[in-house]
Amino acid sequence: MNEFVAPEIDWAVLSPVLVVLAAGVVGVLVEAFVPARARRVVQLVLTLGALAGSLVAVALLWDRVLTDGLAFVVDGTVLLTPFTLGIQAVVALLALLGVLVVADRTSTGQDAFAPTAAAVPGTAYEDAARQAGLQQTEIYPLMLFATGGMLLFPATDNLIVLFIALEVLSLPLYVLCATARRRRLLSQEAAFKYFLLGSFASALMLFGIALVYGATATVSLELAVSRLANPDSPVLTMMPDLVIAAVLLISVGLLFKIGAAPFHTWTPDVYQGAPTPITAFMAACVKAAAIGAMVRVLFTLAAGLDEPLRRDLETGLWVVAILTMLVGTAAGAVQTDVKRMLAYSSIAHAGFLLVAMVGLDEVGAQAVLFYVLAYGLATLGAFAVVTLVREQDADGVVLGEATHLSQWAGLGRRSPLLATAFSLFLLSMAGIPLTAGFLAKFGAFSAAVEAGAWPLAVIGVLASIVAVFFYVRLIVLMVLTPPVEETADDGVAPAGAVAGDGTPDDGFRDGEGVEDGPEPARTGTLTAARALAGRAAVVVVASQGPTAVAITVCAVGVVLLGIVPAAVLDWTTQAAAFRPFGP
């Protein structure tokens with residue numbers, strides 16, 4: 001009998017992930033042993049320290065990986081390339097900013113999370129927990145576990161580990177989506193939809209991995225590609241149709257996570273129903289991690305597939321990219337809820353990321369890396385602003401976020417700085433010059449043109465022009481339109497408001513506003529605006545600090561990346577190196 005030989009593990013390669021996951025385990029122990037009065041502070045310090053430590057670990061590994069081209073543990077179970085480290089740095093940075101938004105209680109003294117997420121909404125138990133002032137500090141270890149999965153997701157050559165990373169990042173998010181303090185039923189519905197559809201996507205991905213293993217006798221992506229490309233390989237040669245099926249099934253799980261059509265249907269409902277700080281965390285970090293994993297898988301496959309199969313892969317990316325851009329921009333233009341509008345914006349940006357990837361080369365990898373950083377800063381800052389714009393009842397009680405577009409009228413008068421920051425984030429998403437979004441889109445479309453996919457770049461430019469409409473509409477509403485209370489008194493609809501279009505966004509049902517009382521009749525935005533003005537005023541609550549810091553950092557990042565991007569562009573050029581390590 002052969003004696004078992006323990007593998008030698010280079011723990012430094014694992015450090016960006018281990019720091020975060022270990023902190024998550026410690027966070028669970030904190031929940032059990034630290035007194036309740038000190039628990040929030042301890043969890044916050046632990047979480048921020050772990051994410052900062054992960055960034056430091058990435059920085060310490062950078063020169064080594066850049067010089068050697070790669071670093072791996074146990075035959076690629078964890079595989080670091082410069083591109084992988086770049087994605088990990090972006091995820092850790094955005095997660096750190098996302099934690100700041102989650103941690104803010106604002107001037108109301110409350111955070112965005114239910115005191116007892118497991119309680120049935122509307123029960124006496126939930127009321128008693130709220131009156132007792134219970135707090136949900138379990139949010140922090142859940143975020144750490146999700147972030148650990150995101151850091152591992154693009155950093156493996158092993159398809160089984162890829163699947164495990166997908167589940168590690170997904171399961172905490174399913175729980176986090178159900179923890180909203182207000183509109184609990186909507187939050188739980190969003191979590192259930194995300195869990196159900198995510199489970200189907202994960203199952204399809206696992207089935208694709210099984211097909212790869214059945215044909216090549218390995219779950220190593222690089223080794224599988226090598227054997228498929230070698231006609232003398234002793235393993236069973238995979239039929240071309242089976243190759244396409246395996247790639248398609250694995251891609252489904254990845255496309256689901258980035259919110260690409262036709263696997264996007266969960267995105268508007270989940271983004272709207274989840275607590276807004278969690279929506280910000282998901283929109284920025286999950287997309288970056290998932291697109292990094294997609295680059296890892298598809299670029300490796302493209303390097304080993306023959307020319308006909310590579311063309312099939314590129315054709316599939318063309319179709320999904322076009323469909324995603326069309327769905328995101330067309331549906332986003334008719335939304336009357338801010339969170340749903342940003343959700344469809346996220347879908348459109350997933351399409352722009354796929355445009356950058358279509359060449360399956362290092363130019364596309366560089367464009368993707370800059371894009372996820374620019375988009376992540378803008379979208380996280382935008383959702384952070386949403387958390388501060390609230391409804392207030394006649395008794396002065398601050399309620400949930402005011403998400404109906406008509407309620408954002410006159411925000412520039414209530415809070416000029418907040419309106420300026422939000423306008424900056426929207427302009428960056430629209431790709432206006434002198435913002436990070438402009439250079440991100442320019443890089444994505446340039447990568448497509450260089451790969452010969454200029455028609456796809458043209459469609460992307462046209463989709464961007466359409467998307468400008470709903471971004472600028474909201475800016476006009478905030479800056480040039482009187483507040484909804486004044487317009488309702490005058491009997492004039494706010495500029496930029498649209499008539500009821502029959503979508504689920506026209507009334508209260510899909511907003512995150514008042515919970516009690518009948519809904520207004522759905523006879524158009526003017527009627528809804530009058531009803532909103534009669535039931536709840538719109539106020540801007542003050543941040544106790546963390547959200548203000550996150551918004552400021554995101555705004556400064558968007559401006560600097562748009563005006564002086566040279567250092568970051570040089571970094572993305574170095575990080576775009578994508579070198580397979582071979583069998």
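**Entry 1: Gly148**

I started at Gly148, which sits in helix α5. Helices here are DSSP runs of H or I with at least four residues, strands are E runs of at least two, and both are numbered from the N terminus. This is a predicted model, where local features need pLDDT of at least 70 and side-chain atom pairs count only at pLDDT 80 or more, while totals for chains, interfaces and linings use all residues. Residues are numbered from 1 along each chain as its sequence is written, and side-chain values use heavy atoms, with hydrogens and water left out.

Is Gly148 buried or exposed? Gly148 is buried, because its relative accessibility is 1%. My cut-offs: buried is under 20% relative accessible area, exposed is over 50%, and partly exposed is in between, with a 1.4 Å probe and protein chains only.

Next I looked up what Gly148 touches, contact being heavy atoms within 4.5 Å. Leaving out residues up to four places away in sequence, I found Val17, Val20 and Leu21. I also checked Pro16, which is 132 residues from Gly148 along the chain, yet the two C-alpha atoms are separated by 8.4 Å.

**Entry 2: the whole chain**

I stepped back for the totals. The protein has 22 helices and five strands. Of its 583 residues, 59% are buried. Among contacts with a separation of 6 or more, 78% are between residues 24 or more positions apart.

Two packed helices are described by the angle between their axes and the distance between the axes. I took axes as lines fitted to C-alpha atoms, for helices over the stretch in contact, with angles from 0 to 180 degrees between N-to-C directions.

For α5 (residues 139-152) and α6, the axes come within 8 Å and cross at roughly 155°. The pair is therefore roughly antiparallel. The classes I used: under 35 degrees is roughly parallel, over 145 roughly antiparallel, 65 to 115 roughly perpendicular, and the rest oblique. The crossing is left-handed, meaning that the near helix is turned anticlockwise from the far one by less than a right angle (clockwise would be right-handed).

Which residues make the contact? On the α5 side I noted Ile139, Leu142, Met143, Phe145, Ala146, Gly149, Met150 and Leu152, and on the α6 side Val161, Ala165, Val168, Leu169, Pro172, Leu173, Val175 and Leu176. By class that gives 15 nonpolar, one polar and no charged. Here Ala, Val, Leu, Ile, Met, Phe, Trp, Tyr, Cys and Pro count as nonpolar, Asp, Glu, Lys and Arg as charged, and the others, Gly among them, as polar.

**Entry 3: α6 against α11**

I then followed α6 (residues 159-176) to α11, where the packing angle is about 170° and the axes are 12 Å apart. These two helices are therefore roughly antiparallel as well. Leu162, Leu173 and Leu176 of α6 meet Ile278, Phe281, Met282, Val286, Ala293 and Val297 of α11. I count nine nonpolar residues there, no polar and no charged.

**Entry 4: the core**

In soluble globular proteins, nonpolar side chains tend to be buried together. A nonpolar core, for me, is a set of buried Ala, Val, Leu, Ile, Met, Phe, Trp, Tyr and Cys residues joined through side-chain atoms within 4.5 Å. The largest one has 185 residues, and those with the most contacts inside it include Met150, Leu173 and Met282. Its largest share, 20 residues, comes from α11 (residues 276-304). I looked up Met282 too: beyond four places in sequence, Met282 touches Leu173, Cys177, Tyr194, Trp266, Val270, Tyr271 and Lys287.

Most residues other than glycine have a negative phi, and most peptide bonds are trans. I went looking for exceptions.

- Ala261 and Pro262 are joined by a cis peptide bond, with omega about 5°; Pro262 lies in the loop between α9 (240-258) and α10 (266-273).
- Arg183, not a glycine, has a positive phi of about 50°. Arg183 is in the loop between α6 and α7 (184-216) and counts as buried at 15% relative accessibility.
- Leu434 also has a positive phi, near 75°. Leu434 is in the loop between α16 (416-430) and α17 (436-450) and is exposed, with a relative accessible area of 60%.

**Entry 5: Thr387**

Last stop was Thr387, in the loop between α14 (362-386) and β3 (389-392). Thr387 counts as buried because its relative accessibility is 6%. Beyond four places in sequence, Thr387 contacts Val101, Thr276, Pro277, Glu401, Val541 and Thr547.
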